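Here is a short report on a protein model. Look at the sequence and the structure first, then read on.

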Amino acid sequence: MPYDIDAVRDFDPRRFREESPFKIHGGCGLMGICDESGSLMGGEIAIRALAIQHDRGNGLGGGFAGYGIYPEFADHFCFHMMYADTAARQNAEEVLGRFFAVDLAEPMPTRAVKGIDDAPLLWRYFLRPDADKLHAGDESAEDFVVHAVMLINGTVDGAFVASSGKNMGAFKGVGYPEEIAHYYRLEEYSAHTWVGHNRFPTNTPGWWGGAHPFTLLDWSIVHNGEISSYGINSRYLEAFGYKCTLGTDTEVAAYLFDLMLRRHKLPLELACKALASPLWTEIDRMPEDEQALLRSLRAVYGPGMLNGPFAIVLGFNGGMVALNDRIKLRPLVAARTGSVLMVASEESAIRAVMPEPDRVWMPKAGEPTIARVSGMDWPIHGDLHLSPSALSCAVTGTEFSCAEETVEVS
Amino acid sequence: MPQTLIQPEFKVDIDYDKCHKCGRCVQQCGWGVYAFNERPLPDDAKCRACHRCVTYCPAHCITIKKNDLAMKTNDNWSDAARKSIWKQAETGGVLLTGMGNDKPYQSIFDHLVLDACQVTNPSIDPLREPMELRTYLGRKPDSVSVESDGDGGYRLAEGAGMTNNVELATPIIFSPMSYGSVSLNVHKSLAMAATRLGTLMNTGEGGLHADLYPYAGNVIVQVASGRFGVDPEYLNRGAAIEIKVGQGAKPGIGGHLPGEKIDRQVSSTRMIPQGTDAISPAPHHDIYSIEDLRQLIYSLKEASGYKPVGVKIAAVHNVAAIASGIVRAGADYVYLDGFRGGTGAAPQVIRDNIGIPVEIAVAVVDQRLRDEGIRNQASIIAAGSIRSSADVAKAIALGADVVAIGSATLMALGCHMCQGCHTGCCSWGLTTQKPELTRRVDPEWGAERLVNLVSAWSHEVQEILGALGVNAVESLRGSRERLRAIGLDEQTCRILGVKPAGM
């Protein structure tokens with residue numbers, strides 16, 4: 001392992017101190033837009049879509065992720081970093097230097113915005129994995145990056161990796177999304193896929209890292225809703241080694257996608273069917289082969305089924321997927337104009353961006369709405385082999401525990 | 001000397017002004033309480049307060065009262081302790097009893113409360129929305145692998161899906177009660193109800209009577225240490241096979257059905273001579289350890305074309321490790337019977353002092369199987385005093401897939417919990433083989449009452465799920481986040497994996 005594992009293990013988790021151990025309840029607004037032709041759209045589109053949904057949030061969290069925003073550094077891993085202070089930055093940069101060749105490091109371009117006065121130091125880095133270190137182990141570049149994220153989030157006090165993918169970045173913080181966008185100068189970026197989120201938590205988290213989207217490598221997730229099955233979902237994931245520490249529903253959704261897509265190699269459509277399973281009466285009416293498949297899928301992944309109201313948008317470099325709960329207890333509207341597919345919590349957001357779409361519809365409960373950017377790879381996670389606990393640690397920046405206890409029965 | 005020092009527990013009070021002198025009480029009582037000389041004359045000493053006579057008295061003139069003889073108060077030497085000593089001094093025998101542990105141990109179920117949705121997520125109305133209780137009993141793969149169907153879709157990869165599971169319409173099944181300990185009409189009632197409900201009854205250790213063959217698709221056939229009634233046809237008839245290792249009411253000891261209860265029907269079903277005592281050994285004499293269990297599990301699977309094979313154990317101290325071993329030995333389900341589980345007959349000292357509560361057992365077994373990554377490999381059945389739909393929901397939230405009910409089904413058929421099952425004199429015709437008593441249960445009537453009970457509880461579980469804001473029982477299963485404890489100590493909370501109320 002290319003880092004000091006003991007340091008990670010001994011770290012006193014403090015990232016999410018303000019948010020855990022209590023589960024955060026809340027509603028939200030969200031959006032996602034993807035041009036399947038791969039053409040780039042300016043950030044003002046994402047801003048407009050969330051600004052009109054202003055009242056779905058309460059000013060305690062807003063954020064965006066854009067894909068295709070750094071064409072001049074398309075093959076670099078881009079780290080968006082949040083620092084509490086300069087010491088944190090120096091410590092984190094020391095870690096980055098151990099893992100990567102840093103081709104560009106700069107403060108995030110921001111502008112002063114009224115009402116946002118508690119921003120952390122925001123920096124971005126364009127990185128290439130250090131060839132010697134990468135080839136010394138048998139890790140893929142993606143594994144290597146996640147290890148670095150994990151090390152920073154887990155051990156460098158006051159530093160947090162907001163995003164770590166290629167040709168993408170997350171822009172998030174505490175405030176209304178349009179304020180956050182203004183602060184980050186989001187209109188200066190262009191992306192083929194945008195996802196965005198307007199948060200309405202019922203407590204008062206003051207930490208910028210806690211806003212949506214949650215990201216790792218090139219995937220990002222935004223989520224509206226509360227998963228009433230959180231208790232069993234998290235216990236199910238724990239049996240596979242994931243550590244659910246954030247206390248947010250979004251985290252279990254992210255890990256369930258990871259489990260099904262990357263580790264169990266389920267196609268995205270079927271993973272969605274497992275997360276928002278059809279009713280048994282629907283399954284019973286399907287053709288025989290499909291019945292057998294769906295029945296097994298539901299029985300096997302039943303503990304992972306997300307029950308309760310939710311709408312989720314998962315973004316990645318190949319596109320995005322939006323998913324509603326199985327009886328559509330949270331709003332999600334979709335529209336298409338030519339090659340552009342858009343989803344949002346409210347149709348107003350769609351009309352604000354595309355006033356006369358070719359088609360507007362309500363995706364059915366549990367039916368994934370999928371946009372694929374032509375010519376881009378579909379696998380979401382690239383070449384990643386990490387253990388679930390490592391992944392959890394990377395995402396949440398909390399304690400890393402690798403103890404594997406086995407019990408013998410004689 | 002008096003014949004006994006023990007005074008009657010109850011007093012039978014008859015209001016002779018109202019009495020019709022019809023003699024129905026004399027006819028109804030299975031315990032021989034009543035003599036008749038122009039009017040019914042009760043012998044209080046024989047009364048067990050089963051209320052059969054009270055229920056059938058046309059004049060409503062019988063009242064059963066506690067015999068409130070004052071005894072010198074002593075919190076250490078309870079009345080029951082003193083009576084037990086007198087009884088044993090008179091007989092020199094092991095005290096026998098029926099039904100479950102009646103001692104005032106803390107009930108954990110009664111210290112757990114469920115959650116409900118308010119504002120941040122909506123509750124769901126089971127009267128207007130689907131509310132799914134379907135449950136699959138048996139081993140499931142850890143993941144599902146698929147292949148392209150060549151048409152843009154997917155199908156299960158060869159051998160990748162869930163196989164050999166029993167589909168249940170509700171997560172409530174009937175617990176094992178053998179033919180012999182209960183009457184054939186009780187067995188028929190259970191089998192007919194299970195079939196109508198889409199759930200399972202369980203033969204217990206006494207074999208499957210030929211009259212039940214039409215319902216065998218909804219029957220778990222049990223293989224206990226006595227192997228009564230076990231042959232290849234028996235194994236192949238049922239929906240699943242259960243190896244009974246132990247029972248919550250009497251962990252570590254076998255069964256005893258006295259020869260008087262072995263009539264021709266019981267004899268042919270159990271495959272033993274008429275009139276002989278049916279004594280099942282304490283252990284299976286081919287299971288002295290876990291590796292032996294594995295052999296038996298696979299022998300039964302081989303003999304039955306790989307039907308699900310479960311293992312029933314009593315909840316004892318080391319239940320988590322034992323259950324883990326059972327799952328690794330190949331069992332498709334583990335049946336955990338808590339220390340309040342009922343019985344047709346057990347030594348009182350065993351029933352009242354051995355074993356642990358099912359709430360604890362389910363919690364630790366579910367957690368252990370998860371810790372070891374084998375939770376999907378077996379279902380957990382919880383039993384041992386499931387008294388209401390609330391207990392059902394709480395057991396499921398603690399981690400059970402399915403609950404089994406026994407005492408509750410007998411009560412649905414008339415049982416008043418008088419704890420006299422071992423006597424064979426059950427006035428309600430349940431735990432007896434006397435033809436004049438067993439005919440009191442009409443299987444059609446019994447089945448209807450059992451269907452009513454399970455339907456009512458299922459509806460109530462649906463109401464609970466709706467309040468919790470989930471519409472499928474698998475979203476409650478193991479979801480301890482939806483439970484809170486009131487008045488349980490910290491260590492118990494930790495063992496249960498349940499937070500105290502307020503957290």
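Start with Asp332(B). Leaving aside residues up to four places away in sequence, Asp332(B) touches Gly138(B), Arg139(B), Lys301(B), Lys307(B), Pro308(B), Val309(B), Gln377(B), Ala378(B) and Ser379(B). This is a predicted model. The contacts above are computed from it.

Where does Asp332(B) lie? Its place is the loop between α8 and β18 (333-337) of chain B. Is Asp332(B) buried or exposed? Its relative accessible area is 5%. Buried means under 20%, so Asp332(B) counts as buried. One of the residues it touches is Lys301(B). The side chains of Asp332(B) and Lys301(B) are joined by a polar contact of 3.2 Å.

Now take Arg128(B). This residue sits in the loop between β6 (112-114) and β7 (135-137) of chain B.

Which residue pairs with Arg128(B) in a salt bridge? The partner is Asp125(B), with N and O 2.2 Å apart. The side chains of Arg128(B) and Asp125(B) also count as a polar contact, again at 2.2 Å. Asp125(B) is partly exposed, at 25% relative accessible area.

## Salt bridges

Side chains of opposite charge can pair when their charged atoms come close. How many salt bridges does the rule count over all chains? The count is 46.

Two further pairs show what these look like within a chain. In chain A, Arg185(A) forms a salt bridge with Glu188(A), and their closest N and O atoms are 3.0 Å apart. Arg185(A) has 25% relative accessibility and is partly exposed. Glu188(A) is partly exposed too, at 49%. In chain B, Lys103(B) and Asp102(B) meet in a salt bridge, 3.4 Å from N to O. Lys103(B) is partly exposed, with a relative accessible area of 34%. Asp102(B) is also partly exposed, with 40%.

## Where the two chains meet

Next, the interface. Here 46 residues of chain B are in contact with 42 residues of chain A. Together the two chains bury about 3700 Å² between them. Carbon and sulfur atoms account for 58% of that area.

How many salt bridges does the rule find across the interface of chain B and chain A? There are five. One salt bridge joins the side chains of Arg134(B) and Asp284(A), at 2.4 Å from N to O.

Which elements of chain B supply at least two residues each to the side that touches chain A? They are β9 (154-156), α8 (319-328) and α10 (358-371). The most comes from α10(B), which gives four residues. By class, the side of chain B that touches chain A has 17 nonpolar, 14 polar and 15 charged residues.

## Chain A as a whole

Chain A has 410 residues, and 63% of them count as buried. Its secondary structure comes to 13 helices and 18 strands. Consider contacts in chain A between residues at least 6 apart in sequence. Of these, 76% join residues at least 24 apart. Chain A exposes about 14100 Å², and carbon and sulfur atoms supply 49% of it.

## A covered helix in chain A

One helix of chain A deserves a look. How many of the eight residues of helix α9 (residues 268-275) are buried? Six are, and the helix is mostly covered. The buried residues in α9(A) are Leu268(A), Leu270(A), Ala271(A), Cys272(A), Ala274(A) and Leu275(A).

An α-helix has 3.6 residues a turn, so residues three or four places apart point the same way. Keep that in mind as you trace the helix in the structure.

Definitions and conventions:
Residues are numbered from 1 along each chain as its sequence is written. Chains are lettered from A and ligands numbered from 1 in the order in which they are written. This is a predicted model: local features need pLDDT of at least 70, side-chain atom pairs count only at pLDDT 80 or more; totals for chains, interfaces and linings use all residues. Side-chain values use heavy atoms; hydrogens and water are left out. Contact means heavy atoms within 4.5 Å. Buried area is the accessible area (1.4 Å probe) that two parts lose on being put together, summed over both. A salt bridge is a side-chain nitrogen of Lys or Arg within 4 Å of a carboxyl oxygen of Asp or Glu. Ala, Val, Leu, Ile, Met, Phe, Trp, Tyr, Cys and Pro count as nonpolar, Asp, Glu, Lys and Arg as charged, and the others, Gly among them, as polar. Buried means under 20% relative accessible area, exposed over 50%, partly exposed in between (1.4 Å probe, protein chains only). Accessible areas come from the Shrake-Rupley method with a 1.4 Å probe; for residues, only the protein chains shown count as cover. A polar contact is a pair of N or O atoms within 3.5 Å; within protein, one must be able to donate a hydrogen and the other to accept it, and residues adjacent in sequence count only if both atoms are side-chain atoms.
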